[in-house]
Amino acid sequence: MNEKKLHIVSFDVPYPPNYGGVIDVYYKLLQLKKLGVKIHLHVFCYGRTVSDHLNEVCEKVYSYPRKQHAWYLFSPVPYIVKSRTSHQLVKTLMQEHDNAPILLEGLHTTSVIADNQMISRRVICRTANIEHHYYAALAKAEKRWFRKMFLFLESRKLKRWEKVLSFAAAIVPVSYTDYHYFKKQYPMVKGEMLPVFHPFESVTCMEGLGSFVLYHGNLSVPENFLVAAELTSLLGDKADIALVVAGLLPPLFLKKHIERFSNVTLIDSPSEEALQKLIQQAHIHLMFTHQATGMKLKLINALFNGRYIMANEEMLSGTALQKACEVVPLDEMLPQRIKLLMKKPFLQQQIAEREQLITEELSNRRHAKKLVSIIFPDGA
């Protein structure tokens, strides 16, 4: 078999894998290495240093500074792309003289496709979102005027820039919703849906009853802290429902809002170990969002490690995970639904069903093999 060499361009340093986007990148690297792919990793740096650990996973690691200049705000190129435009990256890719395929992580790194020197290279783009939809949703949730305007303008720029994907050999989104969108927009480009790669290897769900309901997420993100506030308002006066809200950097207004209710506990920036313990011990996981974008890693975490999941359609949009969840809207009937479900033990049969679903829909190894077949269609 011929050596499979691959260049991967990452929007950020993927180690440590401690937030959503880089988790997908890092665990993809591990799976590709297990399949014998020789990875030449190119990363943009801004605040995270390149760990020596990446040299154990990859053949070579190259780093480039992300240039965050204020005047880039006035460029017609989206800021997330402009700040990751690197002539040195293109020069390095050209110097290899091997014509190896290139996997771009996110629309953020697609300035490579726009460079005329890359026209003969096989380029595959991994997309985590429909970025202009994602940025429009962020703009809607944002309260600060300047930030809101930046996100709105970035969304418009991203919609125009996205057309660069028509020059890709393949687009690999993380959800069926995104897959159908890109297929409609770029029918001549090959498309395949692959869910996010994740750190979980086995199901650790616990049988029986838990004593509390959990909502967790990065609480510094407007979408998450607004949902947390909404859930607190709905459940905060229900003495027979114990709600735990856990997450990174909750804003002051959320802390004050939660303090009003004796049945709601806020756990501010728990350690990874503490969070995983909460996920295992909770009886119900509340998975609600107002943004039907991508596939949420916290949902996958709860599927592997938690008991019951209550989620709205937006959270499950583009997935095949509905049968593992109680699909309910975020409305005034939620407390009654929670009270009924709190009385139902989580059974061994449900754990077995969860394991079967995960084998079918969330297998890292299976998805890595599929990705290899996309990147190397001729087996070379």
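Predicted model: local features only at pLDDT ≥ 70, side-chain atom pairs only at ≥ 80, totals over all residues.
The angle between two helices is taken between their N-to-C directions and runs from 0 to 180 degrees, with each axis being a line fitted to C-alpha atoms over the stretch in contact.

Helix H9, spanning residues 222–235, packs with helix H14, residues 334–341, at an angle of about 75°, and their axes lie 9 Å apart. Angles of 65 to 115 degrees count as roughly perpendicular, which means that H9 is roughly perpendicular to H14. On the H9 side, the contact is made by Leu 231, Leu 234 and Leu 235, which meet Leu 334, Pro 335 and Ile 338 of H14. By class, the residues of this contact are six nonpolar, no polar and no charged.

Attention may now turn to the sheet. Seven strands make up an open sheet with parallel pairing, in the order S3-S2-S1-S4-S5-S6-S7. At its edges stand strand S3 (60–65) and strand S7 (190–191), each of which pairs on one side only. Within the sheet, strand S1 (residues 4–10) and strand S2 (residues 37–45) pair in the parallel sense over seven bridges. In this pairing, Val 9 stands opposite His 42 in S2.

Helices also pack on the sheet. Helix H8 (residues 176–185) touches S5, strand S6 (170–173) and S7, and its direction makes about 155° with that of S6. Helix H1 lies across S1, S2, strand S4 (102–105) and strand S5 (123–127), and runs at about 160° to S2.

H1 has a helical partner as well. H1 and helix H16 (residues 364–375) pack at an angle of about 75°, with 9 Å between their axes; the two helices are therefore roughly perpendicular to each other. Lys 28, Gln 31 and Leu 32 of H1 meet Asn 364, Arg 365, Ala 368, Leu 371 and Val 372 of H16. This contact of H1 with H16 comprises four nonpolar, two polar and two charged residues.

H1 takes part in a further feature, the second largest pocket, where helix H1 (20–34) and helix H15 (348–361) each supply at least two residues of the lining. H1 gives the most to that lining, with four residues. The pocket holds about 280 Å³ of space. Its lining consists of 17 residues, and those nearest the centre are His 198, Phe 200, Glu 201, Ser 202 and Asn 364. Asn 364 is also one of the H16 residues that H1 meets.

Notes: Residues numbered from 1 in each chain as written. Heavy atoms only, no water. Parallel < 35°, antiparallel > 145°, perpendicular 65-115°, else oblique. Contact = heavy atoms within 4.5 Å. Nonpolar A, V, L, I, M, F, W, Y, C, P; charged D, E, K, R; others polar. 1 Å grid on protein atoms, 1.4 Å probe; cavity = no way out; pocket = protein on both sides within 12 Å on 5 of 7 lines; lining within 4 Å. Points joined across faces, edges and corners; volume = space filled by probe spheres on them. Pairing = 2+ DSSP bridges.
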